[in-house]
Amino acid sequence: MSFSDRIRAELKRAALSIGAPEDVEPLLERPRDPTLADWASNIAMVLARPLRRKPAEIAVAIRDNVNLANAGVDRIEIAGPGFLNFRLDPVAVAATVRDIVAGNENYGRASDGGNAPVVVEFVSANPTGPLHVGHGRQAALGDAISSLLEWTGWNVSREFYYNDAGVQIDNLELSVRAHIDAKGGEAVIPAGGYHGDYVREIALRFDGAMDEGVREFAVRMLRAEQDLDMQAFGVKFDTYYLESSLYTHGKVQQAVDRLIENGQTYESDGALWLRTVEYGDDKDRVMRKRDGTFTYFVPDVAYHLTKWERGFTRAINVQGADHHGTTTRVRAGLRALDLGIPEGYPEYVLHQLVTVVKNGEEVKISKRAGSYVTVRDLIDWVGRDAVRFFFLMRKGDSPLIFDVDLARRQSDENPVYYLQMAHARMSGIFRVGEIDASQMDISSVDLSALTEPEEQALIKQLIDFPAEVRGAAAALEPHRITSYALETARLAHQWYHKHHVLGEPEPIMSARLALARAAQIVIRNTLHLLGIAAPERM
RNA sequence: GCGCGCGUAGCUCAGCUGGAUAGAGCGUCGGCCUCCGGAGCCGAAGGUCGUGGGUUCGAAUCCCGCCGCGCGCACCA
């Protein structure tokens with residue numbers, strides 16, 4: 001149980017004892033200014049209204065009522081309009097280093113998810129071209145979100161869904177055939193076709209004597225390329241789901257039949273409509289067109305039904321914001337099935353689009369125009385770790401400008417190096433000291449020697465890690481971890497710069513070695529969460 | 001026009017489900033290398049949090065209007 005948990009519980013007990021409402025939930029937070037306190041609570045202000053007493057009075061009553069000696073609290077002060085400020089006992093703070101080192105690679109993990117199955121779908125690119133930068137953002141986000149969920153006790157399955165059948169694949173085939181027919185000359189790409197150089201390359205590599213046709217060959221080649229891209233990016237999927245299998249296994253028809261049976265559909269103008277308005281859409285949507293084929297969201301509904309049937313009581317989709325129009329109707333279709341699928345299923349993590357700037361100009365991203373930057377390009381230019389870090393540095397709600405020249409030119413000053421350097425520095429202490437950090441026994445080390453301000457600040461930051469992981473996982477926001485990681489690195493650098501470890505008199509050296517180990521562990525764990533390497537030296 | 005998202009330092013962005021004097025990196029200016037790695041550290045300048053109201057002890061944060069930007073609004077996927 002952390003300091004904050006213990007303080008919160010004791011605050012609640014004290015608040016109830018002076019007549020606070022049963023549902024009071026004390027909020028505890030780190031003040032912006034760390035010199036004010038380690039933790040602060042606004043509970044006295046919150047209770048002022050229900051108790052009809054002045055905040056300052058309530059604060060005094062609570063302060064006199066709490067017993068926080070075994071929560072590591074050294075001092076309680078009342079400040080400002082009625083804040084209760086708690087200052088931790090430095091010895092109690094220092095003692096937590098032991099827990100961090102003992103936790104090691106598991107420090108920061110939680111079991112909130114109860115090992116429940118959750119499917120995280122991301123990238124899901126159709127095999128009609130290489131993966132572009134938007135897919136890169138999705139891959140970084142989806143993989144990090146998956147890791148966060150794993151760390152908080154969920155049984156995660158990473159899934160890649162792709163359409164290997166529809167109109168776009170037809171266009172791909174026609175485009176490749178155009179190049180084959182042109183025999184290396186100027187190909188006439190049909191309307192809606194694909195213009196990228198990769199189409200010509202596929203045509204050149206196609207051999208008419210092969211067992212498979214142009215279509216199968218093109219899909220296979222592009223799928224293989226995408227797999228190589230994801231491999232280069234360090235992302236591994238557990239399952240690949242083909243849209244065509246929905247049809248061959250009758251899943252689409254089953255879903256449609258059930259919607260009709262449930263009376264959720266009607267015929268009009270020769271088409272079959274779904275009553276999505278009943279579920280919050282602004283107008284009903286066509287399911288089956290006049291020509292007898294289904295609109296795209298029907299297989300989408302069938303696909304998400306299989307997620308539910310496969311036992312995933314929770315599903316998360318990472319997609320570009322240009323797909324947000326589909327979220328309402330997919331959810332509507334699932335609810336109309338009347339199978340107990342909850343209203344917010346699946347959950348969507350939508351990210352704004354990525355703009356690539358190169359040579360000072362925006363690079364237009366268009367599969368059809370054939371001019372665009374691929375995930376592989378970015379990795380080649382700035383490295384996998386930097387690409388991942390940049391994509392995870394900001395929240396998905398913000399559009400992202402990826403300035404290639406800047407990322408390349410400033411690679412030496414890249415924040416990811418700053419972060420990795422902090423890890424390498426901590427590791428360097430053990431290397432130079434010829435100490436095997438993983439075998440270090442700190443059970444008898446006197447940690448109370450860690451009294452320097454930089455040491456206390458660093459330890460308090462390390463203590464926050466589990467709460468940061470849980471918060472980021474609950475919000476599905478990996479960027480919180482990048483921010484936390486940079487701040488941790490900053491505090492580690494400051495400490496390292498100001499204080500020596502090796503050669504210091506005992507018990508200081510042993511205590512600082514333990515702290516270096518704890519900092520190394522936390523920084524390494526943040527890097528692992530983000531899918532970035534934690535080098536021992538650089 | 002309707003829906004979703006976004007307007008915070010010169011630039012790129014944080015600001016944790018309302019808290020105390022608004023934060024970081026880059027850039028600019030000025031300091032620090034006998035040292036476990038200077039890929040680092042310390043300091044300075046830089047803000048009407050788009051704008052106008054509202055809610056309350058308290059608003060960058062919540063609500064409403066307006067302005068600006070992005071995306072989506074097909075019997076395309």
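This briefing walks through the fold, the RNA surface and the salt bridges of the structure above.

The model is predicted, so to speak of local features a pLDDT of at least 70 is needed, side-chain atom pairs count only at pLDDT 80 or more, and totals for chains, interfaces and linings use all residues. Residues are numbered from 1 along each chain as its sequence is written, chains are lettered from A in the order in which they are written, and side-chain values use heavy atoms, leaving out hydrogens and water.

**Overall fold**
- Chain A holds 20 helices and 15 strands, taken as DSSP runs (helices H or I, at least four residues; strands E, at least two) and numbered from the N terminus.
- The C-alpha trace of chain A spans about 80 × 60 × 40 Å along its principal axes.
- Of the 538 residues in chain A, 51% are buried (under 20% relative accessible area; exposed is over 50%, partly exposed in between; 1.4 Å probe, protein chains only).

**Around the RNA**
- RNA strand B is surrounded by 57 residues (a heavy atom within 4 Å of the strand), and the closest are K289, R425, Q494, H499 and M538.
- Sugar or phosphate accounts for 63% of the RNA strand B atoms within 4 Å of the protein, and bases for the rest.
- A phosphate oxygen of RNA strand B sits 2.9 Å from a polar backbone atom of K395, while a base nitrogen is 3.1 Å from a side-chain N or O atom of Y296.
- Helix α16 (415-432) is among the elements that give two or more residues to this surface, and α16 gives the most, with 8 residues.

**Salt bridges**
- The whole structure has 30 salt bridges (a side-chain nitrogen of Lys or Arg within 4 Å of a carboxyl oxygen of Asp or Glu).
- R314 and E347 meet at 2.7 Å, N to O; R314 lies in strand β11 and E347 in strand β12, so the pair ties together parts that are 33 residues apart in sequence.
- R314 is buried at 15% relative accessibility, whereas E347 is partly exposed at 23%.
- E504 pairs with R512, their closest N and O atoms being 3.8 Å apart.
- Salt bridges that share partners link D143, E150, R158 and R388 into one network.

Definitions and conventions. A polar contact is a pair of N or O atoms within 3.5 Å; within protein, one must be able to donate a hydrogen and the other to accept it, and residues adjacent in sequence count only if both atoms are side-chain atoms.
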